[in-house]
Amino acid sequence: MAMHEITIHVNGEERAAEVESRLLLVHFLREVAGLTGTHIGCDTTHCGACTVLLDGKPVKSCTVLAVQADGHEITTVEGLEKDGELHPIQEGFHQEHGLQCGYCTPGMMLTSAALLAENPDPSEAEIRHAISGNLCRCTGYVNIVKSVQHAAAKLREAS
Ligand code: FES
Ligand code: FES
């Protein structure tokens, strides 16, 4: 098996490792970088539990090879908090009870954070469209939408 030296910038920190060609980004994050906030739900690109940001865009990290992320910026759920302050999207999920078991939540929050970075005032339909690749078995999505709206309002207030 071919090995590759790669360096991925994860949450602002350089993570260098020698990895096999077949190593998936999700396994790099969880097993090499020790960032277990990125979950694995299906391994087949359906559930979105493994979503992270690759150069600011949401990707399903079970479908990206670690070598494809070489030299790129990855944000995981651990990177949302800054200087001990929750990201508005984290605050939104907390305030509006946007989770139950929490398994989908890291992916849901990263997809939503990317939406709000592009569209600070999304309609309910736009929020539902953005999170359509992230499955939640628990909440029925109503409170997830409210959480994103809460975060959007907070971000608009701050800007
Ligand atoms: S684990 Fe990646 S989409 Fe489900
Ligand atoms: S909160 Fe349980 S899967 Fe979404």
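Reader: Where does Gln 90 lie?
Author: Gln 90 is in helix H2. Keep in mind that this is a predicted model.

Reader: Buried or exposed?
Author: Gln 90 counts as buried, because its relative accessibility is 13% and the cut-off for buried is under 20%.

Reader: And what does Gln 90 touch?
Author: Leaving out residues up to four places away in sequence, Gln 90 touches Val 77, Leu 80, Glu 81 and Met 109. Met 109 is itself one of the buried residues of helix H3.

Reader: OK, H3 then. How many of its residues are buried?
Author: Twelve of the 14 residues in H3 are buried, so the helix is mostly covered. Among them are Pro 106, Gly 107, Met 108, Leu 110 and Leu 116.

Reader: What span should H3 have, and how far apart are its end C-alpha atoms?
Author: H3 covers residues 105-118, and at 1.5 Å a residue its 14 residues should span 20 Å. The end C-alpha atoms are 20 Å apart, which agrees.

Reader: Switching to H1. Which residues are buried there?
Author: In H1, the buried residues are Leu 25, Val 26, His 27, Phe 28 and Leu 29. Their packing partners are strands E1 (3-10) and E2 (13-20), along with E3 and E5.

Reader: What comes just after H1?
Author: Gly 34 does, with a positive phi of about 75°.

Reader: Which residues other than glycine have a positive phi?
Author: Asn 11 is one of them, at about 50°, and Asp 55 has a phi near 50° as well. Asn 11 is in the loop between E1 and E2, while Asp 55 is in the loop between E3 and E4. Asn 11 is partly exposed, with a relative accessible area of 27%. Asp 55 also counts as partly exposed, at 42% relative accessibility.

Reader: New topic, cysteines. How many disulfides are there?
Author: Zero, from a search of the whole structure.

Reader: What lines the largest pocket?
Author: Cys 101 and Cys 104 do, among others. The lining also includes Cys 47, Cys 136, Cys 138, Tyr 103 and Arg 137. By type, the lining has eight nonpolar residues, three polar and one charged. The pocket holds about 180 Å³ of space.

Reader: Last one, Gly 48. Where is it, and is it buried or exposed?
Author: Gly 48 sits in the loop between helix H1 (25-32) and E3. At 3% relative accessibility, Gly 48 counts as buried.

Methods. Residues are numbered from 1 along each chain as its sequence is written. Chains are lettered from A and ligands numbered from 1 in the order in which they are written. This is a predicted model: local features need pLDDT of at least 70, side-chain atom pairs count only at pLDDT 80 or more; totals for chains, interfaces and linings use all residues. Side-chain values use heavy atoms; hydrogens and water are left out. Helices (H or I, at least four residues) and strands (E, at least two) are DSSP runs, numbered from the N terminus. The expected span of a helix is 1.5 Å times one less than its number of residues. Buried means under 20% relative accessible area, exposed over 50%, partly exposed in between (1.4 Å probe, protein chains only). A disulfide is a pair of cysteine sulfur atoms within 2.5 Å. On a 1 Å grid over the protein atoms alone, a cavity is a set of points where a 1.4 Å probe fits but cannot get out, and a pocket is an open set with protein on both sides within 12 Å along at least five of seven lines; lining residues have an atom within 4 Å of a point. Grid points are joined across faces, edges and corners, and a volume is the space filled by probe spheres set on the points. Ala, Val, Leu, Ile, Met, Phe, Trp, Tyr, Cys and Pro count as nonpolar, Asp, Glu, Lys and Arg as charged, and the others, Gly among them, as polar. Contact means heavy atoms within 4.5 Å.
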